[in-house]
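Open your viewer and get ready to click along. We will go from one selection to the next, looking at what is there each time.

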Amino acid sequence: MPTRESEAFLAKKPTVPATFDGVDYNDTPRLKAAQDAVIKEQWVKSMMARLVRDELAKCYNREGVNHLEKCGKLRERYFQALKESRVRGYLFEQQNYIPGQEDPKGQDQVSAGLKQPEGQIATIPAEVAKRRGDDRL
């Protein structure tokens, strides 16, 4: 049975989702709340990866030579958690958010404008290259 959340915990719990969707950048308190929510979500994923790693270490020590067979599910879960566990901060998501664009999973795509179709090379427009004094195109 899950433990009930205390009033102190609920007071500190973020009230905004961990995304910059619908955040007015001129409204500083809401912007800071979104930034905090993004950071907290990343820390939760990092701590979950740490817990899975500790369980994997216990399983490895407990099972000994049979750890490859007995701890396989924990190992795979740890590898999945490692992909998401890095605390990256909020600046990339905040500066590269393009509202309304969604990735195939149905979530807003943060870096949608940065991805190139496969087989194409990203090029700098000629007018930008001229302003920078760059003759390479």
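Start by selecting cysteine 59 and cysteine 71 and showing their side chains: the two form a disulfide, with their sulfur atoms 1.9 Å apart. A disulfide is a covalent bond between the sulfur atoms of two cysteines. The structure holds 1 disulfide, and keep in mind as you look that this is a predicted model. Turn the view to look along the S-S bond of cysteine 59 and cysteine 71: the angle about that bond is -95°, a left-handed link.

Which parts does this link tie together? Cysteine 59 sits in helix α2 (residues 28-63), while cysteine 71 is in the loop between α3 (67-70) and α4 (72-84), so the bond joins parts that are 12 residues apart in sequence. Are cysteine 59 and cysteine 71 buried or exposed? Both are buried.

Next, zoom out and color by secondary structure. Of its 137 residues, 21% count as buried. The chain exposes about 11,400 Å², and carbon and sulfur atoms supply 53% of that area.

Stay with the surface and select Val44, Met48 and Leu51, which make a nonpolar patch of about 280 Å². Leucine 51 belongs to helix α2 and is exposed, with a relative accessible area of 52%.

Now for some charged partners. Side chains of opposite charge can pair when their charged atoms come close.

- Select arginine 53 and aspartate 54: their closest N and O atoms are 4.0 Å apart. Aspartate 54 is partly exposed at 35% relative accessibility, and arginine 53 is partly exposed at 39%.
- Select glutamate 55 and lysine 58, whose side chains meet in a salt bridge of 3.5 Å, N to O. Both lie in helix α2, 3 residues apart, about one turn of the helix. Glutamate 55 is partly exposed, with a relative accessible area of 40%, and lysine 58 is partly exposed at 49%.
- Select arginine 62 and glutamate 63, with their closest N and O atoms 3.4 Å apart. Here arginine 62 counts as exposed at 59% relative accessibility, whereas glutamate 63 is partly exposed at 24%.

For a last look, show the whole chain again. Among contacts between residues at least 6 apart in sequence, 35% join residues at least 24 apart.

Terms used:
Residues numbered from 1 in each chain as written. Predicted model: local features only at pLDDT ≥ 70, side-chain atom pairs only at ≥ 80, totals over all residues. Heavy atoms only, no water. Disulfide = S-S within 2.5 Å. Helix = DSSP H or I, 4+ residues; strand = E, 2+ residues; numbered from the N terminus. Buried < 20%, exposed > 50% of the residue type's maximum accessible area, 1.4 Å probe, protein only. Patch = residues over 30% accessible without salt bridge, like charges linked within 9 Å, V, L, I, M, F, W, Y side chains within 5 Å. Areas by Shrake-Rupley, 256 points an atom, 1.4 Å probe, with all protein chains shown as cover. Contact = heavy atoms within 4.5 Å.
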